[in-house]
Amino acid sequence: MKKIFRITAVVAAAAILGWCLFTFIEFEYAYIPPDRETRGKERNSAELLSVSSKAETGSDEQLKLGKKMFFAETFGNEVFFTDILGMFDGAFTLSNITKAIIQLHGEGTSSLKVEAAQSFQAGGVSIKKGDLIDTGLDVAKGTYVPLGVKFVVDEGRMKAGVSCAACHASVDGKGNVLPGIPNTDLNIGLILAMGSNSASYFTHTEMKNLREFMKKADEISKEKQQVQLPDAEKLEKFVDAEFVKWPRGSNDTTIDLENNPVQVSDSFTLGDQPYGWSGQGQVGPFKGLSALINNTHSQNMDAVSQSSISGPVLGIDKDVYLGTLLQRAAYKKYRYDPTSKETPSAFFAKVDPTPGVPGVNRMIPSATYPKISYLSSVGLLPSASGYKAWEQVNAMSAYTNSLQPPSTGLKTEAAVYEEGKRVFAKAGCISCHAGEYLTNNQLIKPGEIGTDPSRAAGFKRTEKYFTSPKMYASDTPVPLPKHPKKEDLQLTPEQEKHLQLGWAHGNSSGAYKVPSLYGLYWSAPYLHDAGVAVGNKNELGVSNTLMQGKKADAVNSLQALVDSKLRRQVIEENLSDNRLRTAHISGNGHEFWVDETTGFTSQEQQALIHYLLRFTDE
C-alpha cells in the first residue's frame, strides 16, 4: 500500500510540475540549419561587396542575424495564426503534425503528409477524417519540426507561427535545406481554409461587398448585437471556398478584396530590384528590399494589423472589421461576443498582446503612422524590443542578398549551351533580360506584357490613406523613444514616376517588374500567376499539375513559356477550370515566342531552354 502511495505521489508531483512548467515557462523553437546541412551557397560580406554596391551589402554580423531571422523569426504571428485564425483547430492539428514527423524517423520530406483530425469540405475539395493531407511542408533530415515553423509555449498552450523559410526555402531529396528556393508545393490555401476562423483572412478573397454577408436587421436586433457583423458561418464557408482555389506554392499577398494569388518567389534577391511582382519595393534600405520584407511581415502575417486602415482603405468601419475577424477566434481570449455591451475595439484593447500598435504581431508604428507610405503598406514596421528600428528587417535583406542557387545537376554539352546563349540574344530576350542577373530592372504595364492586370493594381487602394515616406534614424531603439528622430526620403521625379507605376497610384493601372532569371530552374511554374505549368509527364496546366499535387517540371514548363502552340494548350486547360478562372490564373501574357512561328527550330528552342536553366551553373 505504501509503495502504491509513493508511486501515485510521484506521478501526481510530476503532473503538477509539468503543468507548472507548461503554464508559467515560455518556450520557443524553430530549426536553423547549420551551414553543413544546406546545399545553397551563401556569400560573406567581402564576397557580396565584390559583386554589388554598398547599398546591397551587409556586414558579417548582419548576415548572421539575417539567417536567424529568415529561419526562425515570426514577429509573434503564432498569436494570429493559432489563436485567431485557428489554423490548427480544424482538420490540420499540431498533434497530428507531430505524429507525422515522428513517423518519418528522421528521414525528412519535401511534403509532409498529415492525417486529417476531422472531415473538411470546401469549394469542391473533400477530405475525410483519417485521410492524409498533402501539406507541402518541408522537414529537413534529422529534425522534428517543419522548416520555417516555430513552436511556442505561451499562456499554457502550444502555438505555432511561420517564418520566411516556410515559403522561401525547401529541402532536396536527401533532406538537405535549400535556402532561397521557393517551396513550390506548399499548400497554403488549403492549410488556411482548414482553420476554424479562416474568415479572419477575408481581405485576401474576391470580396465584392462585405454587406452581402450581413445578417438582417431583425436578426441583429433579436441577438442584441452592438455592431452589425456578417453571418459568421456564411462568411466562413465563402472564404474557405476562395482559399482552396489557390494553386500550391501560391499566396494572395494584397488586401485589395480580390482573389489574385501570386507564385511564391525565390529569395535570390541580389540585383533583382525593384522588388515584388509589381515592383512596389523601390526605396529605403537595400534598394527597397527591406520595404518589401516589411510589407510581408506587417500586412500578410497579421490581418488584425489592418484595423487602423480598414476605414479609409477598405471602406469597412474599424469595429465592423475587428468584429468580423474576432467573432470566431479560435482561442476564447480573443473571441468577440457580438451580443456583449462593448464594441469590438474596446474588447480587443483589453486583450491586445501588443498595446500601442494595431494587431497582435510585434510591431512598431512606422515614421508615417497611421498613414501608409512607400515603405509600409499598413503604416507599421515589424520589430522586437532590444533591436533598433529596421535592424531585423535589414538583416534579412542582407541575408537573402547573400544567397545563390545550388547546381541544377542538368547536363548540357558546351556547344548546346553556347547555342542557347546565341538564340537568347537573337530572339530579343536580352532586350528585357539583360545583364548579370538577366533583368533590366524595369517595370512593364499590364497591357504591354499581356498578363492578367489584377495583381498589378494590388496596391491601388492604399492611395486613399497615403503620405510621403519617412524613416526613423538608424540608431532608433525599440521600444521607440517618446520623440524618435524622423528623416524624409527625398524622391526624384523619375523615382516618383516608377513608384506610381509599382503602386498603381494616380492614373496608373499598375505594372509588373521584369524579373531576374537567376535560378530559373528552381522557380517553375512560370509567370506571376504560376499559370505556365507542365508536369514531367507533360500534364498541361495548373489544374492537371499543382492542383493535383504534382510539381511543375522546369524544362517542360519553360518550353510552354516560349512555344506558342504549347502555351495555347496550357491556357485552354487553365481556363476550363472555374477555380483558376475566378482566381485570375490563366498563364496568359509574355508572348515572346521562340518556335517555328518566329523562325527557330526545335533544336534551337531546346538549346535556349537549357541555357536559361543552367545559366547560374556556369
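Predicted model: local features only at pLDDT ≥ 70, side-chain atom pairs only at ≥ 80, totals over all residues.
Buried, in what follows, means under 20% relative accessible area. By that cut-off, F243 and W246 are both buried.

F243 and W246 make a tilted aromatic pair, with 4.9 Å from centre to centre and 55° between the planes. The two also belong to a cluster, in which ring pairs link them with F80, F81 and Y201. Across the whole structure there are 22 aromatic pairs.

Another one of those is Y374 with F466, which is edge-to-face, at 4.8 Å centre to centre and 65° between the planes. Where in the chain do Y374 and F466 lie? Y374 is in the loop between strand 13 (363-365) and strand 14 (380-382), and F466 is in the loop between helix 16 (446-449) and strand 17 (470-472).

The charged end of R157 sits over the ring of Y331, 4.0 Å from the ring's centre. K371 lies over the face of Y465, and there the distance to the ring centre is 5.5 Å.

Next, helix 12, residues 318-326. How many of its nine residues are buried? Eight are, which leaves the helix mostly covered. The buried ones are D319, V320, Y321, L322, G323, T324, L325 and L326. What covers them includes helix 4 (78-84), helix 9 (232-243), helix 11 (310-314) and helix 13 (344-351). At the start of helix 12, a side-chain oxygen of D317 comes to within 2.9 Å of the backbone nitrogen of D319.

Last, a sheet. Strands of a sheet pair through backbone hydrogen bonds, in a parallel or an antiparallel way. Here we have an open sheet of three strands in the order 1-7-8, and the pairing is antiparallel. Strand 1 (27-29) and strand 8 (157-162) are at the edges; each has a single partner strand, so one side of each has no neighbour in the sheet. From one strand to the next, the twist averages 15°.

Which residue in strand 7 is the bridge partner of Y29? The partner is F151. In total, three bridges join strand 1 to strand 7, residues 149-154, and these two strands run antiparallel.

Methods
Residues numbered from 1 in each chain as written. Heavy atoms only, no water. Pairing = 2+ DSSP bridges. Helix = DSSP H or I, 4+ residues; strand = E, 2+ residues; numbered from the N terminus. Axes fitted to C-alpha atoms, helices over the stretch in contact; angles between N-to-C directions. Phe/Tyr/Trp six-rings, centres within 6.5 Å; stacked < 30°, edge-to-face > 60°. Buried < 20%, exposed > 50% of the residue type's maximum accessible area, 1.4 Å probe, protein only. Lys NZ or Arg CZ within 6 Å of the ring centre and 35° of its normal. Contact = heavy atoms within 4.5 Å. Polar contact = N/O pair within 3.5 Å; in protein donor to acceptor, adjacent residues only side chain to side chain.
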